[in-house]
Amino acid sequence: MKFLGVIPARYESSRLPKKPLKDICGYPMIEWVYKRALKSNLDKVIVATDSKEVYEAVKKFGGDVILTREDHLNGTSRIAEVCEKITDFDVIINIQGDEPLIEKDMINSLIDSFKVERNLKMSTLKHKLHSWEDIENPNFVKVVTDKNDYAIYFSRSVIPYPRNKNIGNYFKHVGIYGYKRDFVLDYFKMDSTPLENSESLEQLRVLENGYKIKVLETNFEVIGVDTQEELEKVRLHIKNNNISI
């Protein structure tokens, strides 16, 4: 199997405009994501963007990039357009463009999941939550799985219900996905679903249509950048830990 990493990079963001080009210790955010993804076992990495500014920035640092339409509602939709244009890969890894500290082992674990389970259509990651503040935070999507590590449900609410206050039962969903290329195209044709709309979580469309999502545990906790405060947090973390691109 051949594995393609796709980094959707939307230029405009309501909370942090021009987010992909924000400077992080001398490099634009999108360069951090791209070059750290290159350290994984992916066969190729490509940025998918609706912005000529991002396109030119990626070209400038020597990356592969493709211009996509501006009307995509989410990253998966943008990746579906890439899948229509690039056909010689079996599995797509969807890497968030606002996680500049992505670890190669996170990507590799998704790659390995498709090598182990050849019929797998989709996989993603989770990591343990360690405080009730995080567990009760609706911006932290929680996931519960069955004994074979397939997703039962994703929610912004506290799941499972904390009857016994056992903090070891709670996992945050990490928004990196692996999919078979043909499944991305199938997903794109599905109508939005009631639970997806209620929670505003696109992965619920997969479950509501009867498909399974493998959820693997990771020890890495990446810092997503949606606000200026989070951007400063990442900059400080990189400086204090002497992290290289």
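The buried residues of helix H9 pack against strand E2 (23-24) and helix H1 (29-37), where contact means heavy atoms within 4.5 Å, and helices (H or I, at least four residues) and strands (E, at least two) are DSSP runs numbered from the N terminus. The model is predicted, so local features need pLDDT of at least 70 and side-chain atom pairs count only at pLDDT 80 or more, while totals for chains, interfaces and linings use all residues. Residues are numbered from 1 along each chain as its sequence is written, and side-chain values use heavy atoms, with hydrogens and water left out.

In H9, the buried residues are Leu231, Val234, Arg235 and Ile238, buried being under 20% relative accessible area and exposed over 50%, with a 1.4 Å probe and protein chains only. They cover an arc of only 100 degrees around the axis, which puts them on the same side of H9; the arc is that of the directions from the helix axis to the C-beta atoms. Glu229, Lys233 and Asn240, on the other side of H9, are exposed. Asn242, which follows H9, has a positive phi near 50 degrees.

Elsewhere, a search of the whole structure finds 1 cavity of 30 Å³ or more, a cavity being a set of points on a 1 Å grid over the protein atoms alone where a 1.4 Å probe fits but cannot get out. The largest cavity holds about 40 Å³ of space, a volume being the space filled by probe spheres set on the points, which are joined across faces, edges and corners. Its lining residues, which have an atom within 4 Å of a point, include Thr76, Met122, Tyr177 and Glu202.

Note on methods. 1 Å grid on protein atoms, 1.4 Å probe; cavity = no way out; pocket = protein on both sides within 12 Å on 5 of 7 lines; lining within 4 Å.
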